[in-house]
Amino acid sequence: MRFRGYHQGVSARGRLRPVPAGVDGVHYTVTGEPGADPPVAVLLHGFADNLTTWRRVVPALATSHRVIAIDLPGFGRSVRPWRAPLLAGYVDVVREVLDAEGVTGPVSLMGNSMGAAVATLFAGRFPSRTDRVVLVDMPGLRGVPRMWGLAMSRPAELGLRTALRMVGDTPARV
């Protein structure tokens with residue numbers, strides 16, 4: 001069976017179940033049984049990736065959550081083109097998918113890389129629809145900025161200790 005904006009559902013027991021698509025041009029999967037009203041987890045992949053990045057995470061989450069993994073436009077099986085501004089457009093896609101799936105309560109969002117940025121923006125725009133946010137390798141949060149690294153270097157530490165001694169503001173053990 002072919003659906004407009006095709007997606008498929010997989011039950012927590014691993015059975016595929018057809019789910020009528022509600023978002024034109026956006027591919028996503030739904031795992032778990034929708035009738036039990038479990039908490040919802042939304043999985044968002046990174047740039048140049050697709051929803052299969054979550055293939056090992058979905059089965060574990062599906063034991064206690066309804067899991068929605070989305071191929072953001074321009075990636076995976078989604079055929080909807082990118083829209084500018086890119087990240088704001090992706091936030092709209094997440095909202096559309098949740099609306100199409102009848103999800104009205106707060107969700108947990110898990111985003112990798114670019115998906116983490118989308119999850120953060122979604123949480124900021126729709127705080128009442130957000131329960132938790134998990135950020136994996138989010139741009140801008142990776143590593144220590146270079147200036148921090150320099151400030152924590154041994155020469156910088158020795159210079160700070162010397163300066164503190166000179167001004168007489170020496171803690172007990174500097």
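Select Asp-131 to begin: this residue is partly exposed, with a relative accessible area of 45% (buried means under 20% relative accessible area, exposed over 50%, partly exposed in between, with a 1.4 Å probe and protein chains only). The model is predicted, so local features need pLDDT of at least 70 and side-chain atom pairs count only at pLDDT 80 or more, while totals for chains, interfaces and linings use all residues. Residues are numbered from 1 along each chain as its sequence is written, and side-chain values use heavy atoms, with hydrogens and water left out.

Arg-132 is exposed, its relative accessible area being 56%. By this rule the structure has six salt bridges.

Now select Arg-66 and Glu-101, whose side chains meet in a salt bridge (2.7 Å, N to O). Arg-66 lies in strand β5 (residues 66–70) and Glu-101 in the loop between α2 and β6 (107–112), so the pair ties together parts that are 35 residues apart in sequence. Helices (H or I, at least four residues) and strands (E, at least two) are DSSP runs, numbered from the N terminus. Both Arg-66 and Glu-101 are buried.

Proceed to Arg-80 and Glu-96, where a further salt bridge is found (3.0 Å, N to O). This pair links distant parts of the chain, 16 residues apart: Arg-80 is in the loop between β5 and α2, and Glu-96 is in helix α2. Arg-80 is partly exposed at 21% relative accessible area, and Glu-96 is partly exposed, also at 21%.

Then display Arg-95, Asp-99 and Arg-129, which are linked in a network of salt bridges.

Finally, select helix α2 (residues 86–100) together with helix α3 (residues 114–125): their axes come within 9 Å and cross at roughly 70°. Axes are lines fitted to C-alpha atoms, for helices over the stretch in contact, and angles run from 0 to 180 degrees between N-to-C directions. The two helices are therefore roughly perpendicular to each other (angles of 65 to 115 degrees). Their contact (heavy atoms within 4.5 Å) involves residues including Leu-87, Tyr-90 and Leu-98 of α2 and Met-114, Leu-121 and Phe-122 of α3.

Technical notes:
Parallel < 35°, antiparallel > 145°, perpendicular 65-115°, else oblique. Salt bridge = Lys/Arg side-chain N within 4 Å of Asp/Glu carboxyl O.
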